[in-house]
Amino acid sequence: MSAPVFRDPIFDGATDPVVIARDGTDEWWMFYTQRRPEDPGPGVRWVHGTRIGTAVSTDQGASWRYRGTASGLEEGNTLWAPEVVRSPQGYRMYLTVVDGIPSSWSDAEAHIVEYLSDDLEHWSRRGRIELGSDRVIDAAVEHCADGRWRLWYKNERDGSSTWAATSADLQQWSVEGRVVPAEPPHEGPNVFRLGGWYWLLTDEWRGLGVHRSIDGARWTRQDAAGGLILNEPGRHPLDRQLGRHADAVVLDSTRAVLFYFTHTAAAEGEDRWLDAVASRRSAVHVAQLRVFEGRLVADRDVPAGRPLVARNEACPLTEVEPSETEGTA
């Protein structure tokens, strides 16, 4: 059963994970939004004023050690949903920065701000990326088949759709426009290559929407299982809700693991998580991803305490055949 692989020891509100290997070491680093479930409010202040937490694994993801918040990021604003990638110039973080600490979802501007680092520990601010809107969140970055980098993001001024911008060199960005419409509305895009395809996952608050592309530019929603994965609960008592905002770590050409978060409460009622502290708490879990007959297959019931990100055929994740209960798309 998929027990949590990490819980934030300070506030117990780990969300929006991204995981990357640190070059020259045996370390894997996790960056995440550090929500504060016990903040009394008003409103949704508890999801604002957040820092970016970090955790490190030296046993290929079998266990994670909290190491504090990321150094060098700005103070006084809300920090959400880091995307961390390796580039020819070092590590780059694409961070959502919401102005101030608002108590509602729409009181403040939000932008994507880029940070640079040589070691994943110390970050320096490069600047805001202009993306044609004053409400953009949840960056995802990938190098595409046309030789350009793409940055995908949620545009809240366009009905919670996914937009993309392109860059030849990660220095200058040009807005490409909407790539996934806001029907249904969604957030948290994540893009990766697996099984000969590019995959784009979005958090639809009812599971993760699945989109496929041959080039990373034009996307088609999958029609199996409603185009969703992680829309059915796992078996572990702390994994009984929908999978949310996720990040894929590709192991080889056919396998990947997906770090996602979910609320740890046993049941999810209408807006219940907005009010009860116990329902706000969240943890990071992992699912196994494979491509089967051109479809993305997810199994969230991965045994805990085993290496997760071993990039070889001995990786001891559970091998299962696709079934109706797996959540195919």
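Q: Is strand 7 mostly covered or mostly open, and how many of its residues are buried?
A: A residue counts as buried when its relative accessible area is under 20%, as exposed when over 50%, and as partly exposed in between (1.4 Å probe, protein chains only). In this predicted model, strand 7, residues 110-117, is mostly covered, with 7 of its 8 residues buried. Strands (E, at least two residues) are DSSP runs, numbered from the N terminus.

Q: With which strands does strand 7 pair, and in what sense?
A: Strands of a sheet pair through backbone hydrogen bonds, either parallel or antiparallel. Two strands pair if DSSP finds at least two bridges between them. Strand 6 (residues 90-98) pairs with strand 7 in the antiparallel sense over 8 bridges, and Arg92 stands opposite Leu116. Strand 8 (residues 124-129) also pairs with strand 7 in the antiparallel sense, over 5 bridges; here Ile112 faces Ile129 and Glu114 faces Gly127.

Q: What lies between strand 7 and strand 8 in their hairpin?
A: The hairpin has 6 residues between the strands, and Leu120 takes a positive phi near 75 degrees.

Q: In what order do the strands form the sheet?
A: The open sheet has 4 strands in the order 5-6-7-8, with antiparallel pairing. Strand 5 (78-87) and strand 8 each have a single partner strand, so one side of each is left without a neighbour in the sheet.

Note on methods: Residues numbered from 1 in each chain as written. Predicted model: local features only at pLDDT ≥ 70, side-chain atom pairs only at ≥ 80, totals over all residues. Heavy atoms only, no water.
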